[in-house]
Amino acid sequence: MKVLLLSPYDAPSHAYWRCGLCHHLDEWEWTCLTLPARFFSWRIRGNSLTWSQENRTQLDQSYDLVVATSMTDLATLCGLVPRLAQVPTVLYFHENQFAYPASSHQHPGVEPQMVSLYAALAADCLLFNSRYNMTTFMAGVDELLDKLPDGVPAGVVAQLQVKAQVLPVPIEQPDEPPQPRGNGVVEVVWNHRWEYDKGPELLLAAIAHLPAHLPLRFHVIGQSFRRQPDEFVRIQELLSERHWLGHWGYLELPAYRALLRQAHVVLSTAHHDFQGLAVMDGVAAGAIPLVPARQAYPEWFAPEFCYPGYPDNPEQEAEAMAQALYRYWLAFQSGDLPQAPSLEHLSWSRLLPEYQALIHQLTGRDL
């Protein structure tokens with residue numbers, strides 16, 4: 001079976017999913033078109049123009065299935081390459097443009113939302129990586145359509161809901177077992193993009209709330225950019241002052257995996273996470289999650305692994321996070337630190353049959 005996979009904003013989490021599909025479903029013949037994860041506004045609107053002109057030969061091939069991420073301008077692409085309109089299409093939502101928080105340097109625009117709406121209408125099947133992602137998308141579409149002045153057909157959201165379901169990005173299970181974690185210092189990993197939506201101001205405030213005498217080590221790792229929130233400078237200074245500074249900055253994959261196997265706690269301060277792959281990486285390696293009780297996290301983790309979220313009071317949320325981390329430290333000291341929760345239900349071995357069944361249903365072909 002020949003499959004065309006389209007990833008126009010191939011960020012690390014999108015590439016993780018894309019490579020996993022190609023690896024675990026290697027009986028398929030894959031053609032992957034990707035574009036770099038930069039120039040967001042242009043990328044989400046211009047990918048159909050780029051591909052239809054620069055990759056026309058590949059797009060005009062005969063395919064049994066198209067799998068595209070939700071940043072694909074699918075409706076326009078099918079208009080520019082009519083052959084694609086005849087192929088069953090899956091649209092995969094790693095995130096949605098209705099629930100993504102805007103920074104002080106960005107202004108939310110309706111165009112990315114309309115692109116994803118048109119793509120959803122053009123696709124045969126909509127997959128979301130979490131129920132939170134799906135429900136916020138549907139609510140966002142409903143709210144957007146309610147604001148439009150006229151010509152809005154009835155039943156658009158219902159039309160989308162009929163072909164929507166939740167199918168998470170499967171998690172790769174580590175090849176090596178977790179390493180011993182009894183060195184007397186609680187190792188905390190914060191492993192996210194260094195951008196505003198991952199909540200660096202909450203991380204800074206939580207660190208400041210913690211008693212300075214605790215034996216802790218924070219590893220602040222992840223993808224950074226030329227322009228990043230100012231809080232990271234202060235976080236590094238504060239961790240250095242308290243002698244809590246572990247690894248700082250980006251790690252290549254082998255070193256990243258090794259660090260996760262040593263960690264006691266994997267921490268999120270995110271203002272949005274539609275699945276939370278970075279935290280899941282840590283949990284799969286044996287670390288305990290400490291995550292906000294909002295967004296997608298309550299779908300995956302029991303209440304004891306979540307700290308209360310206070311979106312209207314970030315200082316209170318930071319204090320709640322610090323208190324939860326302090327409780328983890330007390331449990332560590334007494335030898336009662338809990339085991340990391342199992343993510344076996346999110347593994348490729350569990351979710352691969354669901355992907356296969358879905359594709360069989362769409363194409364009518366055995367895999």
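Helices, of at least four residues, and strands, of at least two, are taken here as DSSP runs and numbered from the N terminus. With that numbering in this predicted model, Phe39 lies in the loop that joins strand E2 (29-34) to helix H2 (40-54). Most residues other than glycine have a negative phi. Phe39, although it is not a glycine, has a positive phi of about 55°. Is the residue buried or exposed? Phe39 has a relative accessible area of 58%, and because exposed means over 50%, Phe39 counts as exposed.

His243, which is not a glycine either, has a positive phi of about 60°, and its place is in the loop between helix H9 (231-241) and strand E9 (245-249). The relative accessibility of His243 is 72%, so this residue, too, counts as exposed.

The second theme is helix packing. Two packed helices are described by the angle between their axes and the distance between the axes. For helix H1 (residues 12-24) and helix H14 (residues 348-363), the axes come within 12 Å and cross at roughly 80°. Because angles of 65 to 115 degrees count as roughly perpendicular, H1 is described as roughly perpendicular to H14. On the H1 side, Trp17, Gly20, Leu21 and His24 make the contact, while H14 contributes Trp348, Leu352 and Tyr355. Sorted by class, the contact of H1 with H14 holds five nonpolar and two polar residues, and no charged residues.

Definitions and conventions:
Residues numbered from 1 in each chain as written. Predicted model: local features only at pLDDT ≥ 70, side-chain atom pairs only at ≥ 80, totals over all residues. Heavy atoms only, no water. Buried < 20%, exposed > 50% of the residue type's maximum accessible area, 1.4 Å probe, protein only. Axes fitted to C-alpha atoms, helices over the stretch in contact; angles between N-to-C directions. Parallel < 35°, antiparallel > 145°, perpendicular 65-115°, else oblique. Contact = heavy atoms within 4.5 Å. Nonpolar A, V, L, I, M, F, W, Y, C, P; charged D, E, K, R; others polar.
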